[in-house]
Amino acid sequence: MFAVIKTGGKQFRVAANDRITVAKIEGNPGDTVAFGSVLMLTDGEKSTIGAPFLGDITVAGEIVEQARGEKVIAFKKRRRQNSKRKRGFRAELTVVRITDILTGGKKPEMKKGAAAPVALKAGSEAVKGKAAAKPAKAKAEAKAGGLDASNLSLISGVGPTIEKKLRAAGITSWNDIAAWTEADIAKWDEELKLRGRATREEWVEQAKELLAGKPPRAKADQAELASGEDY
């Protein structure tokens, strides 16, 4: 028996005890994961095709490890513009072992593996979890460089219209943009119709610079132009 499942925008042919590498799934090694997007099931000579999915079929798996793909280099050069940029990217991946293909509407027993240990500095208190750590981190970085981290307009290329779109999507601070991956950039570019502006204007780099206390690029450019007027 084997099934065809869809996850992370890709399709996989799986059977019991198969190992597959998929786009990152949150969890720790040993956690049970369930794939409900089953496109096809073949049992012996009988095949059942979904429209588009089979609602009563679930594929169960177990997270083996969290991994990263090979580094991909993106190099861009503009002719006769004295401009070039080199960036590296490694995809976040999850290795999953397929444990069972459940039919008849059955659901797998969701088990949790051991959580990864958290390294703490000497004298620091125990971390209670990411949910508790995020507000403290956001508060600590809220006034990076004396500026308000919720002021998205300080990122060059973010005007009133785009800022309104970002806030409506739940993106309310430099921290949110600084944490974007290449996949996130592509996602928001398509959903918010940014037309490549986030990559072109280097929003992620700008957000990290602002959090590090550097002045906004837009203001820096204006200051440079003002100083050049004396010549």
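In this predicted model, Arg-85 is in contact with Ala-74, Phe-75, Lys-76, Thr-199 and Glu-202, leaving aside its neighbours within four places in sequence. Arg-85 belongs to strand β9, which covers residues 83–89. One of its contacts is polar: the side chains of Arg-85 and Glu-202 are joined at 3.4 Å.

Aromatic rings were examined next. A pair of aromatic rings is described by the distance of the centres and the angle of the planes. A search of the whole structure gives one aromatic pair. Its members are Trp-180 and Trp-203. Their centres lie 6.4 Å apart, the planes make an angle of 40°, and the pair counts as tilted. Trp-180 is found in the loop between α3 (174–178) and α4 (182–191), while Trp-203 is in helix α6 (residues 203–211), so the pair ties together parts that are 23 residues apart in sequence. Both Trp-180 and Trp-203 are buried.

Charged groups also sit over rings. The charged end of Arg-13 lies over the ring of Phe-2, at 3.7 Å from the ring centre. For Lys-187, the charged end sits over the ring of Trp-188, and the distance to the centre is 4.6 Å.

The strands β3, β10, β7 and β4 form an open sheet in that order, with antiparallel pairing. Strands β3 (19–23) and β4 (32–35) are the edges, each pairing on one side only. On average, neighbouring strands of this sheet are turned by 45° against each other, direction ignored. Four bridges link β4 to β7 (residues 58–68) in the antiparallel sense. Val-33 stands opposite Gly-61 of β7.

Definitions and conventions. Residues numbered from 1 in each chain as written. Predicted model: local features only at pLDDT ≥ 70, side-chain atom pairs only at ≥ 80, totals over all residues. Heavy atoms only, no water. Pairing = 2+ DSSP bridges. Helix = DSSP H or I, 4+ residues; strand = E, 2+ residues; numbered from the N terminus. Axes fitted to C-alpha atoms, helices over the stretch in contact; angles between N-to-C directions. Polar contact = N/O pair within 3.5 Å; in protein donor to acceptor, adjacent residues only side chain to side chain. Contact = heavy atoms within 4.5 Å. Phe/Tyr/Trp six-rings, centres within 6.5 Å; stacked < 30°, edge-to-face > 60°. Buried < 20%, exposed > 50% of the residue type's maximum accessible area, 1.4 Å probe, protein only. Lys NZ or Arg CZ within 6 Å of the ring centre and 35° of its normal.
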